[in-house]
Amino acid sequence: MDFASFTPEYLQRAERLKWQVPAGGIGAWVAEMDYGVAPAIAEVLRGMVDAGSLAYNTPRQTAALREATLSFCADRYDWQVAEDELFIVSDVIGALLLTLRHTLPAGTPVVVPTPAYMPFLSVTTAFGYPAVLVPGIDADGEYQLDLDAIDSALAAGARAVVLTNPHNPVGRVYRHEELLALSEVVERHGAQVFSDEIHAPLVIAEGATHIPYATVSEAAAAHTVTATAASKGWNIPGLKCAQLIVTSEAARTELRGPIQAYYGSSAATPGIVASAVAYRDSRDWIDEVRAQLRSNSILLGELVAEHLPGVRYNVPQGTYLGWLDFRETGLESPAEFFLKNANVRCNEGITCGASGFLRFNFAMAEATLRDAVGRMGEALRRR
Ligand SMILES: Cc1ncc(COP(=O)(O)O)c(C=O)c1O
């Protein structure tokens, strides 16, 4: 793939949320990649449009996605998911709400480790499940879950933990022992985990491996609902399709009815078809993308060191998001500052629950990345 061809001019030709920026600006915010879609996905979608078949999904289409999901989990994560544990839904956030609503009484507090993917802070509370925010620990520069604080929150009445792995925004890919330690805390309280593994196909660091939380122990499997999707990895979030892997028998009993009655048919047909093609036929594409993201994640570190003195950044192990710590620079709202002074649009850390940070999406052409951070450095020097 010619990653350099995804220039701002090219990207501005079609409507994309990430590139909703003032003229001449650079979009480094919402979690979309600038790399288009895999050829096999484009081809299958074109075929559907050409045939005039944007219809309801057929049993063959859903069966193909089910098979592709099970094979992908087995091949990439060594995870043998049982047929009856897998459900197709429209999106991960909807799946979180569905899980909360059908497995916990309204008003039950839910632990959200912070920083967090923004909707976890808002939708939980908005839908009647108050978020208990538990900041992570900085362990010699490595973000870790604060298990003691999670323990206390569960002891105080929270009944679920929202885990994100790989983590958005910090990019951690948790080790086996970390996941196991979390599962022991959760189990002690008879609580449950919603494990958001939407970024699992996007592990980028050498030596890092995605370990599905539900695989670390039988107890973990029994208290977990896992959500994943091809939408981040293959850059098709607008196609509305996700997969729920419900290893908790108790949750399966509660969720099966509502999913069969409605939620299971809420996924969009193009999303179902494209996700099957992604998992089955587009593995080379994502591997090429991961290599580019790995290179960009390292380049971002070099550019930060060169242009943004005082800013801390740990090269992420997964996702395509850089989590930049501006606290030493005295910038309280760095995203607002850089939009105004560098015309680079990023996400404000406070929207993830941490002030003085900025989330930078580096899934862009290398030249754009250099331009963006160079501009940010200039703005900082002019301040
Ligand atoms: C961690 C995480 N979870 C969920 C989502 C959204 O998923 P969906 O569009 O399937 O609700 C995103 C999107 O960026 C994400 O980063």
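The shell around the ligand comprises five nonpolar, three polar and three charged residues. In this classification Ala, Val, Leu, Ile, Met, Phe, Trp, Tyr, Cys and Pro are nonpolar, Asp, Glu, Lys and Arg are charged, and the others, Gly among them, are polar. The structure is a predicted model, in which local features need pLDDT of at least 70 and side-chain atom pairs count only at pLDDT 80 or more, while totals for chains, interfaces and linings use all residues. Residues are numbered from 1 along each chain as its sequence is written, and side-chain values use heavy atoms, with hydrogens and water left out.

**Ligand site**

Ala31, Asp91, Val92, Ile93, Tyr117, Thr164, Asn168, Asp196, Ile198, His199 and Lys232 surround the ligand; a residue is counted here if one of its heavy atoms lies within 4 Å of the molecule.

| Side chain | Ligand atom | Distance |
|---|---|---|
| Asparagine 168 | oxygen | 2.8 Å |
| Aspartate 196 | nitrogen | 2.5 Å |
| Histidine 199 | oxygen | 2.8 Å |

Taken alone, the ligand exposes 390 Å², and the protein buries 91% of that area. Accessible areas come from the Shrake-Rupley method with a 1.4 Å probe.

Asparagine 168 is also joined to proline 169 by a cis peptide bond, with omega about 15°. Proline 169 is placed in the loop between S7 and helix H7 (176–188). Helices (H or I, at least four residues) and strands (E, at least two) are DSSP runs numbered from the N terminus.

**Cavities**

The whole structure holds three cavities of 30 Å³ or more. A cavity is a set of points, on a 1 Å grid over the protein atoms alone, where a 1.4 Å probe fits but cannot get out; lining residues have an atom within 4 Å of a point. The largest cavity contains about 50 Å³ of space, a volume being the space filled by probe spheres set on the points.

Its lining consists of Val112, Pro113, Ala116, Phe120, Tyr143, Leu145, Val162, Leu163, Thr164, His167 and Tyr174. Nine of these residues are nonpolar, two are polar and none is charged. Strands S3 (110–114) and S7 (160–164) each supply at least two lining residues, and S7 gives the most, with three. Thr164 belongs to this lining and is also among the residues around the ligand.

**Other backbone and side-chain features**

A cis peptide bond leads from threonine 114 to proline 115, with omega near -5°. Proline 115 sits in the loop between S3 and helix H5 (118–126). Asparagine 235, a residue other than glycine, has a positive phi near 65°; the loop between strands S9 (224–228) and S10 (242–246) contains asparagine 235.

The count of salt bridges is 20, taking a side-chain nitrogen of Lys or Arg within 4 Å of a carboxyl oxygen of Asp or Glu. One of them pairs aspartate 287 with arginine 76 at 3.0 Å, N to O. This pair links distant parts of the chain, 211 residues apart: aspartate 287 is in helix H11 (residues 283–307) and arginine 76 in helix H3 (residues 59–77).

Technical notes. 1 Å grid on protein atoms, 1.4 Å probe; cavity = no way out; pocket = protein on both sides within 12 Å on 5 of 7 lines; lining within 4 Å. Polar contact = N/O pair within 3.5 Å; in protein donor to acceptor, adjacent residues only side chain to side chain.
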